[in-house]
Amino acid sequence: MDSRKIIEVLRATLDANQQQQAHDQLQQVHKIIGFVPTLLQVVMQVDVDMPVRQAGAVYLKNTITSSWEDREVEAGQPLIFSIHEQDRAMIRDSIVDAIVVAPDPIKVQLCVCINNIIKHDFPHKWTQVVDKISIYLQNNDPNGWNGALLCLYQLVKNYEYKKSNERAPLTEAMNLLLPMIYNLMINLLGHDPLNDNDQFVLLQKLILKIYYALTQYALPLDVITKEMFAQWMEVCRQILDRPTNPQRLDENPDDNMELPEWKVKKWSTHIMARMFERYGSPGNVVSKEYEEFAKWYLETFSTGILQVQFKVLDEYRKKKFVSSRVLTDILNYMKNSVSHSYSWKIIKPHAIALIQDVIFPLMSFSEADEELWDMDPVEFIRQKFDVFDDISSPVPAAETLLHSLCKTRKGILNSVMAAFFQIINNPNITPKEKDGALHMIGSLSDVLPKKKVFKNQVEQLLVTYVFPGFQSPQGHLRARSCWVLHSFSEITIKNPENLAKIMQLSTNALLTDPDLPVKVEAAICIQMFLVSQPESSKYIETQVKNITIELLKIIRETENEDLTNVMQKIVCSFTDQLVPIAVEICQHLAETFRQVVESDDSSDDRAITAMGLLNTMETLLSVMEEKPEVIASLHPIVLQVICHILQNNINEFYEEAFSLIYDLTSKTISQDLWKLLELIYAMFEKDGIDYFLDMMPTLYNYVTVDTNAFLSNQNHVLALFNMCKTILNSTDVTEEAECNAAKLLEVMILQCRGRINECIPTFVELALGRLIREVKTSELRTMCLQVVIAALYTNTAPLLEMLSKQVMPNTNDSILSHFVKQWIHDTDCFLGIHDRKLWVIGMCTLITLGNAKPQVLSEVSNDIIPSLILIFDGLKRAYEARAEDEEEEEESDEDEELDDCEEGISSDEDEMNELDNSYMERVAELARKKGAAEGLEITAELKDADSDEEESDDDDEEEETALESFTTPLDEEECPDFVDEYILFQEVMQKLPMQDPTWYAMLSSNLTEEQKKSVQQILTMAEQKRNQKRSDAIERSGGFQFTQQSIPTTFNFSSPPSN
């Protein structure tokens, strides 16, 4: 392979005029043996221009990522290219050396390469990577250390989230390498921190990142002994304690966070917080194996770590720079420490100072907040509502620490409230301090109402200190007042005038305040009170139109997803009042959606906002459902939005789009919606196969809502069949999607009974064809069986003839014979109500065919009644489970009781975690006893999320299946085609002895006494259902008569009854 040609082609990729041609050339040669190693050589040539080397590195990364692994191909499918083993061996031999010497822009791409190579080849093909890393770590070259550590980091990242029993190769490697990087860290820490080389500090950071990745999900106690763990914790403590050079600090805090010394401190606090939270907090550890370790951790490290953390907080108190990420980790560590008496005793002497000098300043309106408020209020709103921003901001951490202190420890809340009143009543208080005081009170909104001394004062506190904030000249105080009110929205407000005032203040702020952040907070305040205090709605009823219009404006201006939730609540709460402007609302939502999706900014925030807008449209459709004149005007607007999504292939909103289509088609289907089906089919054919599950409810509506219109155009049936065929013949879809495709076929057969008989053989052929290939789940197998059973029920004679004539490959059995045997064999795989019902209906159809019944039934005659018993036993449990679910839904939730930790706990007590291991064990024991009382053996266990044992994902068989919601005429009692499987079975068992006594004798002669008893119980239940059916009919007709019904107490299983 000529490297010069590769260089020229790579250079051409940088020229827009030659880019496509160059790309095509690379596609032609990239499969040639020798290309990939030669490309790596080009990337590493120092005399080649850096842009060319970078282009080569990117192409190398993409090639290795997509083509390193050998892939199996099914018979008949084209081969998938993978890099030749000869080339892979050459890459493995040189990749570590390349990373060591490569410049940073190239290193980044090569690290992705080695990550993929390790993923597929370590350890079975490439144990040498460990040797290479160890050699470089033992050299004295810092560049070698950096490259080796980068490779080791990729090795550890591959195992970061694997369970302990899957980490054996990493464990073996780290037994060698972990002591090496520890010794290297000690060596690096020996340098003067005030004059340290940035390269050495960044190496420290990289070592800590490796240790974090190694331990953050599972702590390998077989690799890291207590002695070794203590050494690493001491390293983290030392790093956090090391002084920083103040001369390197910049005026911009964001720049300071990027200084190497603060980056390494950040990773040290990451490790401290993670080790304590996951393995070192007794009663809260992730697995029982760490319980003893946690007790040792708490007593061994609490003093040293908390002391150095308080030292850092003291620096912050003195207005010296402390990285916000470091501050966040420290506050989170202390929050977890508060619940343990041992660590609380260390914190307690400093608790009040901690609240006054650290938490209070953090919770106060800052200069950075003020600058952002003035310069970019939309960005201010985005940051305040961004949950991901909470991770790096110390403000939420300060909130949770304050909450934990006040809720958990005796006397702290009283001290905080005393400080609050002192601050808030100070005539010289600054607006920023007032904001901090109100912020602290709002953070305690679920604590204060549960403490006797304060619960009766909360309402007056809001009136005295929060209401006046709405008249503040400072916008941030008006916004804070809204926030505090919404924080206390769940309290009991005894004076209706105060509730009226809250709604009036919030509404006025939304409608008239000049500051956008105030409007947003006011809107959310209104929503929270509408949710928590339903009676509040009457106070804003007359202004709801203005509120809605203003809300639409600020949604468009801010594109904030939380506001779409407010709009949904408004729409649900004031449906009648919004009827006159419903179309205007929908139009506004549609225009805002188009604005959001057509924006150049493709951030997740915008996508979430767009989803919220679509969900709000769905809510609007739902609440206006009983107003046909409004719905008729809304449909075209929503339809335009849906078409925009489908025609422009905006697949991130397909789920919401199909949810809207489902709503539009739930009662009637207009001509425009039938045209939309054509668009759906075109989208599916193009790139929609992955979204079949989202389409399924909509496709179900097209079949069932207006079946006549569906059948009026044969292309409708053909389109849905082709979609099912594509799914069931694809190797790239999940079996869940295939189950849905089979279900759609079954629904079409049963819904269109007798009207698509010409299509049924094709449907059956498709289902049987899928059964021939590998099926991993019993659900898919039963769904394919059900397609055939439904076809047998609706088109019996022609289908029996067809299936009996066709022979299974490599056997003498007919397809019919094989199918019936598989049907009986898989009886226990039929779950839920509908699937079992169809089993009964289908079998009853076959066994009552007289002389036309298939011969194979004689071969399985001894299994038919026992299988029916098994099915009816499952049906009984399934009906009981459904009744219990319906009963539970009707029960109202009990009000939460007051917190029984009235005054907090003393310094000598640990806070109990409801979900600690002992609690879980008590719950498990209770479940076992309850199960025993019901005659059930409970073998399931309550396990930690990280348990090494695999947990069953199977649903309880008594519950309805996931596809049960797609009902058919067989399931709907008001439908003419409804079948009660119990009554059907009773009729069969009554008629069969007279119509076909020999066949009846074959079915029943080998039944055990227990089986006969079970049949009798089924027949008794059938008679009860028949009587109930008569009673319901009499009641519907306006009268009710009691008649004595005789229920048979015995049934003759040996001979037909005498006349």
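Which residues does D435 touch, not counting residues up to four places away in sequence? They are M363, S364, F365, H476, L477 and R480. The model is predicted.

- D435 is found in helix α23, which covers residues 431-443.
- Its relative accessible area is 2%, so D435 is buried, the cut-off being under 20%.
- A polar atom of the D435 side chain lies 3.0 Å from the backbone nitrogen of F365.
- F365 is also one of the residues that D435 touches.

**Helix α1**

- Helix α1 spans residues 3-13.
- Its buried residues are I6, I7, V9, L10, A12 and T13.
- An α-helix has 3.6 residues a turn, so residues three or four places apart point the same way.
- D2 makes a contact at the start of α1. A side-chain oxygen of D2 reaches to within 2.9 Å of the backbone nitrogen of R4.

**Aromatic pairs**

- The model holds 34 aromatic pairs.
- One of them joins Y211 and W232. Their ring centres are 4.6 Å apart and their planes are at 15°, so this pair is stacked.
- The pair links distant parts of the chain. Y211 sits in helix α10 (residues 198-215), and W232 sits in helix α11 (residues 226-241). The two are 21 residues apart.
- Y211 has 0% relative accessibility, so Y211 counts as buried.
- W232 also has 0% relative accessibility and counts as buried.
- W296 and F301 form an edge-to-face pair. The distance is 5.2 Å centre to centre, with 90° between the planes.
- F301 is buried, because its relative accessible area is 9% and the cut-off is under 20%.
- W296 and F301 also belong to a cluster linked by ring pairs.

**Lysines over rings**

- Where does K162 lie? K162 lies over the face of Y159, at 4.7 Å from the ring centre.
- K265 lies over the face of W262. Here the value is 5.6 Å from the ring centre.

Notes: Residues numbered from 1 in each chain as written. Predicted model: local features only at pLDDT ≥ 70, side-chain atom pairs only at ≥ 80, totals over all residues. Heavy atoms only, no water. Buried < 20%, exposed > 50% of the residue type's maximum accessible area, 1.4 Å probe, protein only. Helix = DSSP H or I, 4+ residues; strand = E, 2+ residues; numbered from the N terminus. Polar contact = N/O pair within 3.5 Å; in protein donor to acceptor, adjacent residues only side chain to side chain. Phe/Tyr/Trp six-rings, centres within 6.5 Å; stacked < 30°, edge-to-face > 60°. Lys NZ or Arg CZ within 6 Å of the ring centre and 35° of its normal. Contact = heavy atoms within 4.5 Å.
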